[in-house]
Amino acid sequence: MTEPSATRPSTPAHPSADHPPLLEVRGLSVRFRMPGGRHVAAVSDAGFTLEAGQCLALVGESGCGKSVLASALLGLLPANAQTAGTARTAGTELLTADEAVLARTVRGRLVGLVPQSPAAHLTPVRTVGAQLAETARALTGLRGEAAARHAAGAAERAAYPADHLDRYPHELSGGLAQRAATALALVGDAPLLLADEPTTGLDRDLVEHTADELRRQVDRGRALLLITHDLAAAQRTADRVAVMYAGRIVEIAEADRFFGDPGPRHPYARGLLNALPERSFTPIPGLPPELGDLPAGCAFAPRCSKSDGRCASQRPVFAGGTACHHPEGAAP
Amino acid sequence: MADRRPVPFAAPAVWRSRGGTRRSTRTLRIAASAAVLVCVALAVLVVPPAVDLDQQAVDLPSKLLPPSAAHPFGTDDVGRDLLLRCVYGLRVSLVVGLVAALAATVIGTAVGAAAAALGGWTDRLLMRLVDTFSSVPHLLLGIFVVAMFRPGLWPVVVSVAVTHWLSTARIVRAEVLSLRSRPYIDAAVSGGAGRLRVAVRHLLPGVLPQAGLAAVLMVPHTMWHESALSFLGLGLPTHQASLGNLVQTARGSLLAGHWWPTLFPGLFLIVPTLAVAGLAGAWRERLNPRRRAELTL
Amino acid sequence: MARMAGRRVLLAVPVLLLVTFGVFAVAAASPFDPVTAYTGTAGLTASQENLDQIRANLGVDQPFTARWADWIAGALRGDLGDSAVLRMPVADAVAERLGWSVLLAAAAFALAVLLGTAFGVLAARRPGGPLDRCATAIAYTLEAAPAFWLGLLAIWLFSLQWGVLPAGGLTDTASDTVTAGQVARHLVLPAAVLGISQLPWFYLYVRQGVGDALDEDPVRGARARGLAERTVLLGHALRSGMLPMLTLIGSRVPELITGALLVETVFSWPGIAAATVQAATAVDFPLLAALTVLATAAVLLGNLLSDLLYGLADPRVGFDG
Amino acid sequence: MIELDGITAGYDRRTPVVRGASLSLAPGEAVGLLGPSGCGKSTLARVVALLHRPEAGRLAVDGEPVCAWRHRAPRRLRTAIGVVFQQPRLAADPRLRLVDLIAEPLRATGRREGAARRAAELAETVGLTGELLRRRPHEVSDGQLQRACLARALVLRPRLLVCDEMTAMLDASTTAALVAAVESYRAASGAGLLAVGHDRVLLGRWCDRTAEWEDVATG
């Protein structure tokens, strides 16, 4: 088992009133209106905060609503989506902002996206350099040579080799595409980075390389919301870990306590860790519920060994870092 | 430190949606198209036997009457009622279109499936043939065949069919090739399925929708071509008046300012074509795996 | 790039040979008898051996493959035989009329591509919006409408009712000199009709291409980077959405020629396409054979043009021809 | 018992993807084939599963040399090797319900009666139950669809199972569930396993031994 990542610089003090967190999400819910009037609750009541120089990993099984949450923060949800709750960064309310505000002040400037399949998020018929320069012109208002220099700076900060700037997206290897995506996210010097499944489909050593690179951006003072189902990548990068199940955040804990001892307090989070081949490699019985018809009470009750009548009927409140009627151990 | 403050249970959520919701006119389009096609079928099947119209009956006094109650579409330059002639014309055009489209689809599917299934040099040979045929403009090839074999019903049907199997062949071949490379064909082979079972159980259901769609869309296209041939005087003989013939004979009276003998035969060709396009479009939307409403988590 | 063009020209030769062979084969298989066509009414009264004599010196008695070889040899020397209906060597007829057809086709093509792209992008911006709905409805209607029918109605409306534009021909009946101004005035209506009859495909392809591109990841990435909606639409959605339309340019050339056949006949435009129709109705085989080959060459040129354009526009596709 | 000796295979005669690959599996043994993505290990897996004819080299199953692939391979030999692919969406016929998807090999080899019952029984062992079985591929998640594909590969009781990056797209819990299902089948039937992947930790934990791509193939 890879030893827990080196001791990190001490995380900044508890978010006090005078110094508001970089990103504060309260009661964020997203649901989709399906044909025939049915509603699918993709995200319910998500709440967390994120500080500069800190990385929060949002982990969970594929299909639990992680990527929907990322799209909600950037205002890129499809037309049939409805949102509720608040998500505030640098004084701007993300969920109610209209398209013009999002395009001119938030995207690229306040929140930088490192997308899932990086090569697919670049326009195939234009070179990486051209798209970098275009983004630089749009975000910084620079023109011509100055814009090109700014773009080259962002590429260099993301360790993207300067001589590959005239390459087309389909000519990039997995690792290069990842670094190009990071460079594009850094052009606007956004204080908050949003990495949506950055390591999917990459080989193991490439995953570690990408995780370290993202960690380097956090150590330079940026905040990073890392969305992934790869727990090993989360362990290498995160300061805190939030676990999502069936659209709900069921646990938020410090990375050292989560991956080390005493381990996660929510039974699902514990089951997720035990399923790793590095550990007992035992699967969580049963299947995740349909987001279209979530059971009453705790969504994990049908698969939880410690569930009782209360779990099945009453939905647990998120308190003490977890949303469970029978959490393990005491609150930190 | 994790958050100490218990999060208050969210008040009843205030839902806000960003994109405007547009009423889909899909069901409206399908209903309208279906209604038109039913009318076309009724008109073509019921009217001829019911109203025994003698095509050659000439009624000179009521020559070139504008549309009126008696003659909804007015009369042509020899006094015949245009509405009835349009229905007859539509029937002829439809017959030619259906037969030619059917022939084109059968030839195209056979060539396309054979090219994809056999592969190797047969595939290259057949595709070279298709490329050659398709590099001659359809109407020009049609004109050439009809010119050589003297205008008549069968030369027109043959010339339109011979020039239209190319697109079907390409569609079927592309579809079979893309399906054959899918892992689920490998899984069927590994599961003991024989060649025939793979073809009938897995490949055919995959190809039929696309080939069927191509066939349906072919009918208006072949009708279009038949009308072009007839207009150029190389289509059906005048006593078998198709819509193209009607427009050609109407050309004289048009220059004298009478617009209705030209307008209505054209509309009789356009409206059924739009109906077929409407239904085919809805069908293609259902076939398209990436439906808009599908949720992407 | 040049290598691909070179290979394509080499590839075109067998295709053209095959087409000419097909033309002669169909002619041989058909009831068409060159001698009766040549002698016309005089042939009815001529004696049998006169007919055989004519058949011999026309060289029609040999098998069609031999006649095909002679025709090819002649074509290489520039001698395409004589046209009965135009009463002049085919080569001269082609030289004289080809220019007008190219002028008409080019004007119509430009109109179709420009309008198609402009309206396609505007419609794709607001899918299901008012512009999208009515433009698409008009596009499907125009796609279904035969070009000659559009032409006739255009003549009725613009020439007869409003008298704004001439009804056909190349110059006004009065004048005998061909001035640019008059040609332009006479070109407007046929070019507009031919252009509008080709417009639907370009409009629908661009609308579909750009519409799909707006839903896919590259545009999502561009928006996430904070680019303005206009830059996203023109710099990204249009750039990758245009690709299907480029392939269309090649495959629309045959339809353009088909349209020209009809529009030139309706507007009696002195182009090569109108001559083709006269050749077909009068069964003038040499002219018809030459024009068929000419059209095929034009289509092959169109395919080469669209592949070159596609190779330039899309780096993923090399020039492997 | 599987022997691969000097296998060269690819999709274009001039540029084979695999050169000179040699590997042997003892009866009932679980071998992991570890290699970077794009090195051709999937092509080798398809050669072993009798789905891809190599340009050169020898393949022997239980000592009997194989000289025909795909349809030409004898049905007895083909059905003795089950295969599970990386992308469940592409490995499932979009029109079939999950229960028919699992029962398809039984119907293809003429064992129609009780096919649906046998399929439902086998679906139970991979965690698919009740209403899920009547759904079509686009109505279920990747994890659920991959469980059905695994059940389909096991329905004819193969003597060897080839898993080509079966769990690359799946999360930890579903991966553990599928591996547990494979292991319980192998315990009951003594079947061999060739697991192809790029996750060293997973293959290390799952297979008896792991072969590195450099040692297996020369290029």
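**Note on the predicted model: helices, a charged patch and backbone points**

1. In helix α4(B), the buried residues are His138(B), Leu139(B), Leu140(B), Leu141(B), Gly142(B), Ile143(B), Phe144(B), Val145(B), Val146(B), Ala147(B) and Met148(B). The structure discussed here is a predicted model. The helix is mostly covered, with eleven of its twelve residues buried.

2. The length of helix α4 of chain B, residues 138-149, can be checked by simple reasoning. At 1.5 Å a residue, its twelve residues should span 16 Å, and its end C-alpha atoms are 17 Å apart, so the two values agree. After α4(B) comes Arg150(B), which has a positive phi, near 60°.

3. Chain B as a whole contains nine helices and one strand. Read from the N terminus, its elements run β-α-α-α-α-α-α-α-α-α. Of the 297 residues in chain B, 48% count as buried.

4. Chain C has 14 helices and two strands. Its C-alpha trace spans about 85 × 55 × 35 Å along the principal axes. Of the 321 residues of chain C, 50% count as buried.

5. Which residues gather in a patch of positive charge on the surface? They are Arg180(B), Arg195(B), Arg13(D), Arg53(D) and Arg72(D). One of them, Arg180(B), is placed in helix α5 of chain B, residues 153-180. Arg180(B) has a relative accessible area of 40% and therefore counts as partly exposed, since that class lies between the limits of 20% for buried and 50% for exposed.

6. The next points concern the backbone. Most residues other than glycine have a negative phi, and most peptide bonds are trans. Asp45(A) has a positive phi, near 60°, although this residue is not glycine. Asp45(A) is found in strand β2 of chain A, residues 39-50. With a relative accessible area of 25%, Asp45(A) is partly exposed.

7. Ser268(C), also a residue other than glycine, has a positive phi near 40°. Its place is the loop between α12 (243-266) and α13 (272-281) of chain C. Is Ser268(C) buried, partly exposed or exposed? Its relative accessibility is 47%, so Ser268(C) counts as partly exposed.

8. In chain A, Asp261(A) and Pro262(A) are joined by a cis peptide bond, with omega about 5°. Pro262(A) belongs to the loop between α8 (255-259) and α9 (267-274) of chain A.

Methods: Residues numbered from 1 in each chain as written. Chains lettered and ligands numbered in written order. Predicted model: local features only at pLDDT ≥ 70, side-chain atom pairs only at ≥ 80, totals over all residues. Heavy atoms only, no water. Patch = residues over 30% accessible without salt bridge, like charges linked within 9 Å, V, L, I, M, F, W, Y side chains within 5 Å. Areas by Shrake-Rupley, 256 points an atom, 1.4 Å probe, with all protein chains shown as cover. Salt bridge = Lys/Arg side-chain N within 4 Å of Asp/Glu carboxyl O. Lys, Arg positive; Asp, Glu negative; His and termini not counted. Charge placed at Lys NZ, Arg CZ, Asp CG, Glu CD. Helix = DSSP H or I, 4+ residues; strand = E, 2+ residues; numbered from the N terminus. Buried < 20%, exposed > 50% of the residue type's maximum accessible area, 1.4 Å probe, protein only. Expected span 1.5 Å × (residues − 1).
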